[in-house]
Amino acid sequence: MYRQADGRKSCPAPLGRAMYQRHQRQRHCIFTGCTLRCCFCQNYSVSSEGFGKEIAEERLSEIFLELQDAGAHNINLVTATQYLPSVLPALDRVKDRLHIPVVYNCGGYEKPETLARLRDYVDIYLPDLKYYDSALSMRYSMAPDYFSAASKAIPYMIEQTGAPRFDDNGLLKSGVIIRHMVLPGCRKDSIRLLHWIKENLPDNHYLISLLSQFTPFYKSSGYPEIDRRITTYEYESVLEEAVRLGLTDGYMQEKAVPKRNTPRPLMRRGYRQCQKSLPRVYRGRLSFCCYILFVVHNLSEFRFQGSAAY
């Protein structure tokens, strides 16, 4: 457990507070722009509308060290692909002084040659695996070749990092977490992705994070079929298939959205630990390896400070 400034206890996420818990000491390094154009992007002002400010490579290096000095558990690079010519030199400047993992947080739409450049820089990959069907990826993200690219990129990420490794506090030191958000009306596509993962990726060499947080932001109103939240049935049917396939090494979200912002309690990896730690009301029938009781914050939570917010 960690104690916050007001004395309350909080459980660590597998990547640490810098990844999943937002408070005054924790920020992401978020870069303006994105390789995808998702019509439902919650962070669209940064990803698609150019919101941000320019900073020098030297300043970016300073930000990395400031994050570490402030107690961050990792350097979380969000959508940094288009800035690698600047990001990698910034990491080179402080590589001998950084003692926390570097996380590459991306949409999964990456080229092998890009990932080859990241070898020896990235400890943890956090890619999305959004779509199996190219018609869906074209319609919602303007990327008809999404699955073709992501299905090559993710095995390469796993080859680089190897099996997940945790420190003594249960925080991830290296590895790959494959993140998938279930979309309205697309549960069958989600299930096809689960089958691909099971059939093509090495067992025990990755973690899965299945998300229920879809919220119809940005241009979702122009796509009536996804202009809603997902149903409990849609999400639970995907979870059940994951369990049936034996894909139980990972994380799920409690499908709940509060009316106002509340902290996100995070449970540590390991189903038995969670069974002991959770109130009875949260003990579900699905023996998923880790229960993350995740609540979706209002859009007002996301206040970006620029190209490399910190």
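Colleague: Let's start with a single residue. Which helix does Ala116 lie in?

Modeller: Ala116 is part of helix 5, which covers residues 112–118. Keep in mind as we go that this is a predicted model.

Colleague: How do I read its exposure? Is Ala116 buried, partly exposed or exposed?

Modeller: The general idea is to compare the relative accessible area with two cut-offs: buried is under 20%, exposed is over 50%, and partly exposed is in between. Ala116 has a relative accessible area of 37%, so this residue is partly exposed.

Colleague: And which residues is Ala116 in contact with, leaving aside its neighbours within four places in sequence?

Modeller: With those neighbours set aside, Ala116 contacts Tyr156 and Gln160. Take Gln160: it is 44 residues apart from Ala116 along the chain, while their C-alpha atoms are separated by 8.8 Å.

Colleague: Which other residue has a positive phi although it is not a glycine?

Modeller: Thr79 is one of them, with a phi of about 50°. Its place is the loop between strand 4 and helix 4.

Colleague: That brings us to strand 4. In which sense do strand 4 and strand 5 pair?

Modeller: For a pair of strands, look at the sense and at the bridges. Strand 4 (residues 75–78) pairs with strand 5 in the parallel sense, over 4 bridges. To locate the pairing on screen, pick Val78, whose bridge partner in strand 5 is Asn105.

Colleague: Now the helices. At what angle do the axes of helix 3 and helix 4 cross?

Modeller: The angle is roughly 55°, and the axes of helix 3 (residues 57–69) and helix 4 (residues 84–94) come within 8 Å. To name the arrangement, compare that angle with the classes: under 35 degrees is roughly parallel, and 65 to 115 is roughly perpendicular. The two helices are therefore oblique to each other. As for handedness, the crossing of helix 3 past helix 4 is right-handed.

Colleague: Which residues in helix 3 and helix 4 meet?

Modeller: Helix 3 contributes Glu57, Glu58, Leu60, Ser61, Phe64 and Leu65; from helix 4 come Pro85, Ser86, Val87, Pro89, Ala90, Leu91, Arg93 and Val94. By type, the residues of this contact are 9 nonpolar, 2 polar and 3 charged.

Colleague: One more loop residue, please. Where is Ser221?

Modeller: Ser221 sits in the loop between strand 9 (207–211) and helix 9 (232–245). Ser221 is exposed, at 57% relative accessible area.

Colleague: Finally, how many helices and strands does the protein chain have?

Modeller: The chain has 10 helices and 11 strands. Of its 310 residues, 54% are buried. Among contacts between residues at least 6 apart in sequence, 73% join residues at least 24 apart.

Note on methods:
Residues numbered from 1 in each chain as written. Predicted model: local features only at pLDDT ≥ 70, side-chain atom pairs only at ≥ 80, totals over all residues. Heavy atoms only, no water. Axes fitted to C-alpha atoms, helices over the stretch in contact; angles between N-to-C directions. Parallel < 35°, antiparallel > 145°, perpendicular 65-115°, else oblique. Left-handed = near helix turned anticlockwise from the far one by under 90°. Contact = heavy atoms within 4.5 Å. Nonpolar A, V, L, I, M, F, W, Y, C, P; charged D, E, K, R; others polar. Pairing = 2+ DSSP bridges. Buried < 20%, exposed > 50% of the residue type's maximum accessible area, 1.4 Å probe, protein only.
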